[in-house]
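Subject: Model for your review, with notes

Dear colleague,

Please find below the model that I am handing over to you, together with my notes on what was found in it.

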Amino acid sequence: FLTAGADALMVSRWPVRDDAARFLSVETVRAMEAGKSPAESLRLAVNALRQSDLPNVDDPRIFAPFEIVGR
């Protein structure tokens with residue numbers, strides 16, 4: 001994707017829960033659309049996830065595998 005022109009990617013280092021991945025993806029894109037950097041957007045999304053009503057999201061195994069690669 002980077003070779004094809006993407007500035008950055010959000011990737012996971014291990015299999016993750018679908019609900020957490022969806023939440024983080026949507027919130028990261030929203031923050032980027034508001035002008036935040038990809039890394040700051042992911043940080044804000046993780047903080048929002050940990051405050052959300054989704055079950056057991058305070059466990060680092062749920063949010064730690066995500067990272068931004070690129071820009």
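This is a predicted model: local features need pLDDT of at least 70, side-chain atom pairs count only at pLDDT 80 or more; totals for chains, interfaces and linings use all residues.

Residues are numbered from 1 along each chain as its sequence is written, and side-chain values use heavy atoms, with hydrogens and water left out.

Helix α2 covers residues 38–51, where helices (H or I, at least four residues) and strands (E, at least two) are DSSP runs, numbered from the N terminus. The expected span of a helix is 1.5 Å times one less than its number of residues, and for the 14 residues of α2 this gives 20 Å, which agrees with the 20 Å between its end C-alpha atoms. Its buried residues (buried means under 20% relative accessible area, exposed over 50%, partly exposed in between, with a 1.4 Å probe and protein chains only) are Pro-38, Ser-41, Leu-42, Ala-45, Val-46 and Leu-49. They lie on the same side of α2, because they cover an arc of only 135° around the axis, the arc being that of the directions from the helix axis to the C-beta atoms. The face turned away from this buried side carries the exposed residues Ala-39 and Gln-51, whereas what covers the buried residues includes β1 (8–12), α1, α3 and β2.

Pro-38 counts as buried at 5% relative accessibility, and with the same exclusion of sequence neighbours up to four places away, Pro-38 touches Ala-8, Thr-28, Met-32, Ile-68 and Arg-71. Arg-71 itself sits in the segment after β2 (66–70) and is exposed, with a relative accessible area of 63%.

The largest nonpolar core has 12 residues in all, among them Phe-23, Leu-42, Val-46, Leu-49 and Phe-63; such a core is a set of buried Ala, Val, Leu, Ile, Met, Phe, Trp, Tyr and Cys residues joined through side-chain atoms within 4.5 Å. To this core α1 (18–33), α2 and α3 each supply at least two residues.

By the rule that a salt bridge is a side-chain nitrogen of Lys or Arg within 4 Å of a carboxyl oxygen of Asp or Glu, the count comes to 6 salt bridges. One of them joins Glu-40 and Arg-43 (2.7 Å, N to O), which both lie in helix α2, 3 residues apart, about one turn of the helix. Another joins Glu-27 and Arg-30 (2.8 Å, N to O); these are separated by about one helical turn, because they are 3 residues apart in helix α1. Glu-27 is partly exposed at 23% relative accessible area, whereas Arg-30 is exposed at 51%.

Lastly, a backbone point: phi of Asn-56 is near 60°, a positive value in a residue other than glycine. Asn-56 lies in the loop between α2 and α3 (60–63) and is exposed, with a relative accessible area of 63%.

With kind regards

Notes:
Contact means heavy atoms within 4.5 Å.
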